[in-house]
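Reader: I'm new to reading structures. Could you pick one part of this one and take me through it slowly, residue by residue?

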Amino acid sequence: MSEHKVTLCWERSGAEFTYQKYPRDHTWSFDGGHMMTASAAPAYLGNPANVDPEEAFVASLSSCHMLTFLAIACKQKFVLDSYADEAVGHMEKNAEGKMAITRVELHPKINWSGDREPSAGELEKMHHAAHENCFIANSVKTEVTVAK
């Protein structure tokens, strides 16, 4: 098994600590050395120039699906040249009446090369297998679908 560590740091930096005034910007430092600035979503007074947790959640699901899909396609001897996804997460009330990302739609665009491409049925089976084996999708209760 493995561990995945992130160090989060936030500072008030002298700002007044009232809901409208305190800063939402903070940093995420990953164990490989990468650091990025994150914030709350703009709807919650965050900085739109920085990634917010909801966007990161959608990106994580999209990325995991893609990486799992690539492994499956490779093992089935299909050759991909590119994979792009314009994933969309939907924030709405869940069954308990709480705000949540309840659905994520993946919209993969795949360019193939080589001497064969998967049929529509094979492609659907590969996406299904990618979803079933994606570590992140297996970790959440959000509905994840692949749009056709």
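**A cysteine and the helix around it**

Author: Let's start with C64, which counts as buried at 9% relative accessibility. Buried here means under 20% relative accessible area, exposed means over 50%, and partly exposed is in between, using a 1.4 Å probe and protein chains only. The model is predicted, so local features need pLDDT of at least 70 and side-chain atom pairs count only at pLDDT 80 or more, while totals for chains, interfaces and linings use all residues. Residues are numbered from 1 along each chain as its sequence is written, and side-chain values use heavy atoms, with hydrogens and water left out.

What does C64 do? C64 and C134 form a disulfide, with their sulfur atoms 2.5 Å apart. C64 lies in helix α1 and C134 in the loop between α2 (120–133) and β8 (143–146), so the bond ties together parts that are 70 residues apart in sequence. A disulfide is a pair of cysteine sulfur atoms within 2.5 Å, and the structure holds one. Helices (H or I, at least four residues) and strands (E, at least two) are DSSP runs, numbered from the N terminus. C134 is buried too, with a relative accessible area of 1%.

C9 is partly exposed, with a relative accessible area of 43%.

Now look along the helix itself. α1 has 23 residues and reaches 33 Å from its first C-alpha to its last, close to the 33 Å expected at 1.5 Å a residue. That expected span is 1.5 Å times one less than the number of residues.

At its start, a side-chain oxygen of D52 comes to within 3.0 Å of the backbone nitrogen of E54. Just past its other end, K77 takes a positive phi of about 70°, although K77 is not a glycine. Most residues other than glycine have a negative phi, and most peptide bonds are trans. K77 sits in the loop between α1 and β4 and counts as exposed at 64% relative accessibility.

Is S39 buried or exposed? At 0% relative accessibility, S39 counts as buried. The side chain of S39 makes a polar contact with the side chain of D25, at 2.9 Å. A polar atom of the S39 side chain also lies 2.8 Å from the backbone nitrogen of N47. A polar contact is a pair of N or O atoms within 3.5 Å; within protein, one must be able to donate a hydrogen and the other to accept it, and residues adjacent in sequence count only if both atoms are side-chain atoms. Setting aside neighbours within four places in sequence, the residues in contact with S39 include R24, H26, G46, N50, V51, D52 and P53. Contact means heavy atoms within 4.5 Å.

One more step back brings us to β3. β2 (residues 26–30) and β3 pair in the antiparallel sense over four bridges, where two strands pair if DSSP finds at least two bridges between them. W28, for example, has M36 in β3 as its bridge partner. Four residues lie between the strands of this hairpin, and G33 there takes a positive phi near 105°. The two strands belong to an open sheet of three, in the order β1-β2-β3, with antiparallel pairing. β1 (6–9) and β3 stand at the edges with a single partner strand each, so one side of each is left without a neighbour in the sheet.
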